[in-house]
Each structure stands twice: as C-alpha cells, then as structure tokens.
Amino acid sequence: MGMPKQVSVVEVGPRDGLQNEAEPIATAAKLELIERLGAAGLKRIEAASFVSPKWVPQMADHREVMTGIRRRPGVIYSALTPNLKGLEAALECGVEEVAVFAAASEAFSHKNINCSIAESLARFEPVVERAREAGVRVRGYVSCVLGCPYEGEVAPQRVAEVSHALYEMGCYEISLGDTIGVGTPLEAKRLLDAVGRDIPRDKLAAHFHDTYGQALANLYAVLEEGIGVIDSAVAGLGGCPYAKGATGNVATEDVIYLLNGLGIDSGVDLDNLAETGVRITQTIGKPNRSRVGVALAAKRTSS
C-alpha cells in the first residue's frame, strides 16, 4: 500500500505510562506533562484512566487531571473508561473521547480485567452505546496481539475476531497492542493481513512495546502497509505489570525521529518533545528509555 504522507501520533504516556509506576505521581506533574506534550505539537493525548482507585491507585486523581487540563484548540484529550461508572465520571469532566480495552488472550483477559473475552465485550456494549449517545467517540484497544505472557503465541485470527467485534460495536478506531513487545516485522504484517480483511486499514492503529527492541522495526513494517496512526509514550514510559521484563511503549521521540527520516509529517517538534521526556523522567526518578531523547540531551549538554 505504501507509506502514508501523514501520521497521527497518539501519546499514551500520561495514562499508560504513569499508571504503571509503583507510587502515585503528583497531579501537578501529570498536568505539566500534558501541557508540554500539547506544546510540542501532539494532537491526541490520552490523559487519564477512569478506573477504580482500589485497583489502580496511580490514577485516583483522574477527575482532577481531566478538569485541570489547559485545553489547546485542536488537541483531543481522551481517557480510558472500562465500564459505565467510569464513563459517566469522564463525561462529567468534559471528556472528548474515550477508550475501551479487550484482550486477544483469554488468560490475559482473566488476569487483567477478571473476565473472559466474551464477557469483556458484553460489558463494553453499553459503554460504547452511552458514549455515542453523548456524542463522544470511542476508541478500542486490543491487547496481546502478537503474544501473551501466559499463552505464548496468539493466533492472528483471534485478534481479528476481537477487533471486528469492537469495530462493529461502534469503536471508530482499533489500536492493536503488542503488550509484551515480542512481535517481529513479519508477524506484524501477517497480523494486519488478518485484521484488515474486515476493518479498513485507516481505522487501525499500531501500539507496540519495545521489550525485545523490535518496536521501530515493527512500526516501519506496518507503515509500509498503510497504517497511519501510532501509539507511543514519551521517554518510553510504561510497561505491563502482568509480564515480567516487559518494557514501556515505544518512545514518542524515537517514533518522531523515524517519521522525520521518512519524510512523513507528524506535526511534532522533536526538540521540544525530547526536553519533555527529560523533564518527566527527572520528575519521577526513572531512566529515559528514548534513544533519541538521550542522544539529544547529550548533544545539548556538550554544545
């Protein structure tokens, strides 16, 4: 299909990255991160998770975050809403877009959200219906599309079935997540072949973790297949609490560097973004996992 001329980068760091930290992050730090990401040119920022504080205490300030954002024109600030209660709370905070998440692995679904894949999809139906009634778009996530920490390999057809169910339910876009970062480029292309039979390529997004160092290679492979939406996290924040050794999402800085090198427009200022990655990692006391971010920081220091 060929490389897209433009790519939309979805920044999941404020939600997917920070919720995996052992200790809660200050609300002010989250708001500063979101502000800096918007200033760098990112137009889609997943800012919070409206999940139970009992299970994810790091996201207990979701209301404060969503209502505290200084909203920039043209920027979409979305939130994860796994159930109706979470959705209603998000709607009260003026959310513009929400997301639901399912898994392509039965074992992972039970471990992550304590129900089967079929049960999770049934739970999401009223969430999607209510969101659409409120005029809010819904994005669908599918986890473990290229491997599961419990089941090992995951059949592409199973991923296709879950993805199609979410798409038919009303999700405008389906994000395919290599949650534990084990995929390779050929596997990523085969996955797209399976999922793309029922869902248009322009309704799919790539969400790759970098555990085995293959995320950028996998992204290049799916860009060649026409994928125009990429999920990433500044400084490579995040990880999977259910998979030992799993690292964070592919770093947004590294993605932008790749896109710039391919002549693909993302609208993101790389230098500004790299400084944001340095800032947030210093704030939370974590290493910066972006190769590009670290290299640019060293270049600034030596100049």
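Biologist: The expected span of a helix is 1.5 Å times one less than its number of residues; in this predicted model, what span does helix H6 reach from its first C-alpha to its last?

Modeller: Helix H6 covers residues 117-133 and so has 17 residues, for which 24 Å is expected at 1.5 Å a residue.

Biologist: At which residue does H6 bend?

Modeller: The bend amounts to about 25°, and a proline, Pro-126, follows within four residues of the place where it occurs. That place is itself one of the buried positions of the helix, which include Leu-121 and Val-128, and the bending residue is Phe-124.

Biologist: Against which elements do the buried residues of H6 pack?

Modeller: An α-helix has 3.6 residues a turn, so residues three or four places apart point the same way. In H6 the buried residues are Ile-117, Ser-120, Leu-121, Phe-124, Val-127, Val-128 and Ala-131. Their packing partners are helix H4 (84-92), strand E4 (97-103), helix H5 (106-113), strand E5 (137-143) and helix H7 (156-169).

Biologist: What closed arrangement do the strands form, and in which order do they run?

Modeller: The pairing is parallel, as in strand E6 (residues 173-178) and strand E7 (residues 204-208), which share 5 bridges and where Asp-178 stands opposite Phe-208. E7 and E8 are also parallel, joined by 2 bridges, and strand E1 (residues 8-11) is joined to E8 by 4 bridges, again in parallel. The arrangement is a closed barrel of 8 strands, in the order E1-E2-E3-E4-E5-E6-E7-E8.

Biologist: What is the radius of gyration of the chain?

Modeller: The chain comprises 12 helices and 8 strands. For 303 residues the globule rule gives 19 Å, and the value for this chain is close to that, so the chain is as compact as a globular protein of that length. Buried residues make up 56% of the chain, and the radius of gyration is 18 Å.

Key. Residues are numbered from 1 along each chain as its sequence is written. This is a predicted model: local features need pLDDT of at least 70, side-chain atom pairs count only at pLDDT 80 or more; totals for chains, interfaces and linings use all residues. Side-chain values use heavy atoms; hydrogens and water are left out. The expected span of a helix is 1.5 Å times one less than its number of residues. The bend at a residue is the angle between axes fitted to the seven residues ending there and the seven starting there. Buried means under 20% relative accessible area, exposed over 50%, partly exposed in between (1.4 Å probe, protein chains only). Contact means heavy atoms within 4.5 Å. Two strands pair if DSSP finds at least two bridges between them. The radius of gyration is taken over C-alpha atoms; the globule rule is 2.2 Å times the number of residues to the power 0.38.
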